There are 2 protein chains.
Amino acid sequence: MMAKQNFADRVIARTLELASPIAAGIDPRPDLLSSRAAAAAGGSHVRLARAYERFALDVLDGLVGVVPAVKVQIAFYEALGLPGVAAYARTLRAAKERGFLVIGDVKRGDIGPSSQAYADAHFGAAAGADADALTVSPYLGRDTIAPFLVRCREEGRGLFALVRTSNPSAPEVQDLVAGGRPIYEHVAGLVEEWGRDLRGAEGYSSLGAVVGATYPEELAAIRSRHPRLLILVPGYGAQGGTAMDVVAALDARAAGILVASSRGILRAYRAAEDRGASGRDAVHAAALEMRDQIRAAWDARRRAEGGPREA
Amino acid sequence: MMAKQNFADRVIARTLELASPIAAGIDPRPDLLSSRAAAAAGGSHVRLARAYERFALDVLDGLVGVVPAVKVQIAFYEALGLPGVAAYARTLRAAKERGFLVIGDVKRGDIGPSSQAYADAHFGAAAGADADALTVSPYLGRDTIAPFLVRCREEGRGLFALVRTSNPSAPEVQDLVAGGRPIYEHVAGLVEEWGRDLRGAEGYSSLGAVVGATYPEELAAIRSRHPRLLILVPGYGAQGGTAMDVVAALDARAAGILVASSRGILRAYRAAEDRGASGRDAVHAAALEMRDQIRAAWDARRRAEGGPREA
């Protein structure tokens, strides 16, 4: 069997094709559904799971041709028990059918046979959930990553290890300084080392990093030390990260990162549906707007860098 | 509604009652089932999930009256998709019905609404999985823990945050030294701080730590700095941790830790079943043996400490 195309190469190719370094976050919650759909679901987990699925299909249809990737947050599905887990797997499938690269935001992190079981659970097979890439936690070291690597290599899949997250308490552990460098910088180095065998033709490895947009200095520092680290960048928009913050991490072709935004894009849905308009069209417009913001910031940055410099 | 008894107090009470600081690990895998059951399940996830459930019921029946707690590894169930997830929830229920404190070994670690969704998913409610306590990852800081704390306080539930794990690559991140102290020691301090409001009558907090038996010096160091930190200790037996290693972390009443062992106890099952004997009885005997080993090591340690000392 021929190995599938390297995940990082697929990310770069699709990013360039759409001129859009975006992973739209699918984080379904009752307050993002149309008011009618949320009310109809009521307290029923079965109905809510079905409503999440319809919502996700609308959102996916709105995103076609605008973003290369989607990131689906499993926790919201897991909270609904079996019907939720089933809806999660079907949503991944629907996203793949529409041509998206699909990132399962599962943040798993275990070791040995347990880590292997998570790879089995989330990288296809009969279990149903078949993501192209997953988010994973690095706290236990290489033992968490190892069981996934073969699948990444042979099946063109990817991983994003948490390095510097976007949340307020991220510094508590991640910013402790060891040997003159913060922990997240050590972890970024480990991630690069662990992923060495997964480098594609573009020079990026399919083992990437999660670095939040809410800490632009840290993001810029990581990018300058690791010019070919594929980075998933959450925290854009609602959490405070701006377009200027994230473009600093793009490479010369405006690729190499996937900016994740969920609420920023998804919020448009309910407002539109509640006034009788198309949520799908609203999501489409919001994603286009985000793409254009990033492009404008990118152009502004290039102009600034290309212009005359004064010491 | 009256709040349920503090989780840490429940752990101490049951440990003293059974004179057994043990959490038996339920990590179902095909090679632990009887050969007949494994063969009958074949490649079917549905049949394998059913076989896991029967296996767990046998094991639980064998453990009644010997261990206060069980730790169920969700990854093996998750790998089987929906039938696995359903079997996991039913196994937790069966364990509770038999009087065990039930720890869901889920190692989740997310933030904000996603972390809240994990609490909803694994702390009861309609989703089905209803653990008394969970394992969680500390890499994202307090934001991971916060959504669980209310549930812990009001419902007598607990958490064990990963501090110093038992696996070979644990040192890569956890042993980096910041300000003269390894990261795991910083994390132990954070865990103690985050759990301050969850202290029970015995002085232990319901927010405990995971510290592996395979690194006895680190375990002893953490215990000496944190005399009232509830510790879940994996890595006993098959992974190399000995009874002498773990008793150093017990308090004056031989409580305050839960030594987790899965393969050490579960391995007896298949051997017995395959020769036509009772797997349940074999598990019972293996758990009694582990309890007696720990007691003997505890007695030896007390004698050594009580005896004459030479400088």
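Which residue stands opposite I103(B) in β4(B)?

A: Happy to walk you through this. I103(B) has A133(B) opposite it in β4(B). Before going further, note that this is a predicted model, in which local features need pLDDT of at least 70 and side-chain atom pairs count only at pLDDT 80 or more, while totals for chains, interfaces and linings use all residues. Residues are numbered from 1 along each chain as its sequence is written, chains are lettered from A and ligands numbered from 1 in the order in which they are written, and side-chain values use heavy atoms, with hydrogens and water left out.

The strands behind that pair are β3 (residues 101-108) and β4 (residues 133-136) of chain B, joined in the parallel sense over three bridges. Strands count as paired if DSSP finds at least two bridges between them; helices (H or I, at least four residues) and strands (E, at least two) are DSSP runs, numbered from the N terminus. Both strands belong to a closed barrel of eight in chain B, in the order β1-β2-β3-β4-β5-β8-β9-β10, with parallel pairing. From one strand to the next, the twist averages 30°. Helix α3 (residues 45-63) of chain B packs on this sheet, touching β1 (22-26) and β2 (69-73), and its direction makes about 165° with that of β1(B). Contact here means heavy atoms within 4.5 Å, and axes are lines fitted to C-alpha atoms (for helices over the stretch in contact), with angles from 0 to 180 degrees between N-to-C directions.

Chain A has its own closed barrel, where eight parallel strands run β1-β2-β3-β4-β5-β8-β9-β10. There, β8 (residues 207-211) and β9 (residues 231-233) pair over two bridges, and V210(A) has L232(A) as its bridge partner in β9(A).

Now for how the chains sit together. A rotation of 180° with 0.0 Å of shift along its axis superposes chain A on chain B at an RMSD of 0.0 Å, by least squares on the C-alpha atoms of residues with pLDDT of at least 70 in both. The two copies are therefore related as by a two-fold rotation axis. In chain A, the C-alpha of A178(A) is nearest that axis, 2.2 Å away.

L82(A), Y139(A) and V173(A) supply 16% of what chain A buries against chain B, more than any other three residues.

Four salt bridges are counted between the chains, each a side-chain nitrogen of Lys or Arg within 4 Å of a carboxyl oxygen of Asp or Glu. One of them leads back to where we began: R108(B), whose side chain meets that of E78(A) at 2.8 Å, N to O, lies in the residue range 101-108 of β3 of chain B.

Terms used
Buried area is the accessible area (1.4 Å probe) that two parts lose on being put together, summed over both.
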